[in-house]
Amino acid sequence: MRENDTITYYDENAEKFALETRSVDFGAVQKEFTDRLREGAFILDFGCGSGRDTKIFLEHGYDVEAVDGSSELCKLASEYTGIEVKQMLFQQLQETEKYDGIWACSSILHLPVLELADVVKKMAEALKDGGIIYTSFKYGTFAGVRNGRYFTDMTEDTFAVFLEKIEKITIEGQWVSTDVRPGRGEEKWLNIILRKR
């Protein structure tokens, strides 16, 4: 199972995935993130999926760039948000001190842990000093293929160990939540806010 297989899954299921996720109210988590940003801050929506969060951030006056690995989701998200969503892999992030915040909601969890470490380092590099990252993982210790996609799950303990290898980034907040999608309440998520020192 490669990252490309996960992207193929999203390309083939883009319409269904977009419909299922756009209507989800994610306001409380978005506020946890934006409360830590200045007005009009520059946000990267890193793996934007349907474009749900990009659209909200734009409506609240933030400057947003959005990317996704799935070309089909990029098309749908571009139409939905009114901005061009760029197709790119997480590993292709090459910016330096550009963003005030990076929003990686249920996205980088599709990377195997070694690739994940490299990508989080790239995310840290792309942030301005004092910038923040929001990211989320399914709660647990599983790593592998689930429902046609690769997942790396995390707990507070496994993420703390993972972060030891990454400089400049510290945990500012974390909490466990249930899945907000209908019928998925038994699924738990680890939500994390990181800050660049």
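Helix α5 is followed by Gly82, whose phi is positive, near 85°. Helices here are DSSP runs of H or I with at least four residues, strands are runs of E with at least two, and both are numbered from the N terminus. This is a predicted model, in which local features need pLDDT of at least 70, side-chain atom pairs count only at pLDDT 80 or more, and totals for chains, interfaces and linings use all residues. Residues are numbered from 1 along each chain as its sequence is written, and side-chain values use heavy atoms, with hydrogens and water left out.

**Helix α5 and its partner α2**

- In α5, the buried residues are Leu73, Cys74, Leu76, Ala77 and Thr81. Buried means under 20% relative accessible area, exposed means over 50%, and partly exposed lies in between (1.4 Å probe, protein chains only).
- Helix α2 (residues 14-22) and helix α5 (residues 71-81) have axes that come within 9 Å and cross at roughly 45°. Axes are lines fitted to C-alpha atoms, for helices over the stretch in contact, and angles run from 0 to 180 degrees between N-to-C directions.
- α2 and α5 are therefore oblique to each other. Angles under 35 degrees count as roughly parallel, over 145 as roughly antiparallel, 65 to 115 as roughly perpendicular, and the rest as oblique.
- The crossing of α2 and α5 is right-handed. That label applies if the near helix is turned clockwise from the far one by less than a right angle; anticlockwise makes it left-handed.
- From α2, the contact uses Ala14, Glu15, Phe17, Ala18 and Arg22. From α5, it uses Glu72, Leu73, Leu76, Ala77 and Tyr80. Contact means heavy atoms within 4.5 Å.
- By class, this contact of α2 with α5 has seven nonpolar, no polar and three charged residues. Ala, Val, Leu, Ile, Met, Phe, Trp, Tyr, Cys and Pro count as nonpolar, Asp, Glu, Lys and Arg as charged, and the others, Gly among them, as polar.

**Ala18 in α2**

- Ala18 lies in helix α2. Ala18 is buried, with a relative accessible area of 2%.
- Leaving aside neighbours within four places in sequence, Ala18 touches Ser50 and Leu76.
- Ala18 and Val119 are 101 residues apart along the chain, and their C-alpha atoms are separated by 25 Å.

**Helices α3 and α4**

- Helix α3 (residues 27-34) packs with helix α4 (residues 52-59) at an angle of about 55°. Their axes are 12 Å apart.
- α3 and α4 are therefore oblique to each other. Their crossing is right-handed.
- Gln30, Phe33 and Thr34 of α3 meet Asp53, Ile56 and Phe57 of α4.
- The residues of this contact divide into three nonpolar, two polar and one charged.
- Thr34 is found in α3. At 14% relative accessibility, Thr34 counts as buried.
- Beyond neighbours within four places in sequence, Thr34 is in contact with Phe57 and Tyr62.
- Thr34 and Leu76 are 42 residues apart along the chain, with 24 Å between their C-alpha atoms.

**Cys48 in a loop**

- Cys48 lies in the loop between β1 and α4. Cys48 is buried, with a relative accessible area of 7%.
- Val67 is 19 residues from Cys48 along the chain, and their C-alpha atoms are separated by 5.9 Å.
- Setting aside neighbours within four places in sequence, Cys48 is in contact with Thr54, Ala66, Val67, Asp68, Ala77 and Val85.

**Nonpolar cores**

- The largest nonpolar core has 34 residues. A nonpolar core is a set of buried Ala, Val, Leu, Ile, Met, Phe, Trp, Tyr and Cys residues joined through side-chain atoms within 4.5 Å.
- The residues with the most contacts inside this core are Phe46, Ile102, Ile108, Met123 and Phe159.
- The elements that give two or more residues to this core are β1 (42-46), β4, α6, β5 (127-138), α7 (156-163) and β9 (188-196). Its largest share, seven residues, comes from α6.
- Met123 touches Phe46, Leu93, Ile102, Ala104, Ile108 and Ile133, not counting residues up to four places away in sequence.
- A second, separate core has 15 residues, including Val24, Phe26, Phe57 and Trp103.

- Ser106 is not a glycine, yet has a positive phi of about 50°. Ser106 sits in the loop between β4 (99-104) and α6 (113-126). Ser106 is partly exposed, with a relative accessible area of 29%.
- Asn147 is not a glycine either, and has a positive phi of about 55°. Asn147 is in the loop between β6 (143-146) and β7 (149-152). At 59% relative accessibility, Asn147 counts as exposed.
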